[in-house]
Amino acid sequence: MNLPLPVAVAIMLSVGALLLVIMWRGWRSLQARSATKVSTLAEVPAEAELGAARTAPIEGTYVSTTTAGDWLDRVAARELGYRAKAVVQVFDAGVVVARAGATDLFVPVADLTGASRTSGMAGKYVGGEGLVVIAWSTLSPTGERTALETGVRTQRKADRPLLLDAVSALASSSPSSPDSRTDIKESE
């Protein structure tokens, strides 16, 4: 059965609009669900309070933040689910991820739990071990600590081990090492 062109176009536009509404509602639902994992994020301190820079600014892409151990469970609350160009720098006070078009992310040294490399997370697969994963924790609205992982793809391959080593060294120098933190809750 052939439909007249205006009817076919109207049906296609209706289906497209319906799909956009479904996607928008899904994203809003993900934001609401992940808001139970992340209360508020630390503000980026003034430059004088950051301490000495442990790395030069490293350009790359902020991939996403997920719950620890589940790299498909994207955290969309607090703009953590938006992929963006980023500049990452490690300071004595913590890690700053300056993101284009989204709020900058600051992970204080006390919240860092480690770093690693992987091939992908949250729908982004780069092969090899092209992502640097920064492991950290934050308070949930209920007051419990939630373990998170943030993925960064550096623009230059040579920057990956530099970022990994700097974050790992900072996390191991943290007054609260992962071994002494019994209050971290791995979200389900």
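Let me start with T118, in strand β5, residues 112-118. Is T118 buried or exposed? Its relative accessibility is 9%, so T118 counts as buried, the cut-off for buried being under 20%. Keep in mind that what we are looking at is a predicted model. If we set aside the neighbours within four places in sequence, T118 is in contact with W71, G128, E129, G130, L131 and V133.

Now the overall layout. The protein has 188 residues, and buried residues make up 43% of them. Its secondary structure comes to two helices and 10 strands. Along the sequence the pattern reads α-β-β-β-β-β-β-β-β-β-α-β. Take the contacts with a separation of 6 or more: 63% of those are between residues 24 or more positions apart. As for the surface, the protein exposes about 10,200 Å², and carbon and sulfur atoms supply 58% of that area.

Next, strand β1, which covers residues 58-67. Eight of the 10 residues of β1 are buried, so the strand is largely enclosed by the rest of the structure. Which strands does β1 pair with? One is β2, joined to β1 by five bridges and running antiparallel to it. In that pairing, Y62 stands opposite A84 in β2. The other one on my list is β9, also antiparallel, with seven bridges to β1. There, G60 stands opposite T154 in β9.

Between β1 and β2, which spans 84-91, there is a loop, and A76 is found in it. A76 counts as buried because its relative accessibility is 1%. Along the chain, A76 and R33 are 43 residues apart, yet their C-alpha atoms are separated by 8.5 Å.

On to the core. In soluble globular proteins, nonpolar side chains tend to be buried together. Here the largest nonpolar core has 24 residues. Which residues have the most contacts inside it? They are V95, L112 and L163. Several elements each supply at least two residues of this core: the strands β1, β2, β3 (94-99), β4 (105-108), β8 (131-139) and β9 (145-154), and the helix α2 (159-172). Of these, α2 gives the most, with five residues.

L163 is worth a look on the screen. Not counting residues up to four places away in sequence, L163 touches I58, V88, V90, V132, V152 and T154.

Now the salt bridges. How many does a search of the whole structure find? The search finds three.

One of them joins R54 and D92, with the closest N and O atoms 2.8 Å apart. R54 lies in the loop between α1 and β1, and D92 in the loop between β2 and β3, so the pair ties together parts that are 38 residues apart in sequence. With a relative accessible area of 40%, R54 is partly exposed. D92, at 34% relative accessibility, also counts as partly exposed.

Another is formed by the side chains of D111 and R145, at 2.7 Å from N to O. D111 is in the loop between β4 and β5 while R145 is in strand β9, so this pair ties together parts 34 residues apart in sequence. Both D111 and R145 are buried.

The remaining pair to mention is D159 and R156, whose side chains meet at 3.8 Å, N to O. Are these two residues buried or exposed? D159 has a relative accessible area of 10%, so it is buried. R156 is exposed, because its relative accessible area is 52% and exposed means over 50%.

Last, the surface near the start of the chain. Which residues make the nonpolar surface patch of about 600 Å²? They are L3, V7, I11, V15, L18, L19 and I22. I22 lies in helix α1, residues 5-34. I22 counts as partly exposed because its relative accessibility is 49%.

Methods
Residues are numbered from 1 along each chain as its sequence is written. This is a predicted model: local features need pLDDT of at least 70, side-chain atom pairs count only at pLDDT 80 or more; totals for chains, interfaces and linings use all residues. Side-chain values use heavy atoms; hydrogens and water are left out. Helices (H or I, at least four residues) and strands (E, at least two) are DSSP runs, numbered from the N terminus. Buried means under 20% relative accessible area, exposed over 50%, partly exposed in between (1.4 Å probe, protein chains only). Patches are made of residues with over 30% relative accessible area and no salt bridge: like charges are joined within 9 Å, nonpolar side chains (Val, Leu, Ile, Met, Phe, Trp, Tyr) within 5 Å. Accessible areas come from the Shrake-Rupley method with a 1.4 Å probe; for residues, only the protein chains shown count as cover. A salt bridge is a side-chain nitrogen of Lys or Arg within 4 Å of a carboxyl oxygen of Asp or Glu. A nonpolar core is a set of buried Ala, Val, Leu, Ile, Met, Phe, Trp, Tyr and Cys residues joined through side-chain atoms within 4.5 Å. Contact means heavy atoms within 4.5 Å. Two strands pair if DSSP finds at least two bridges between them.
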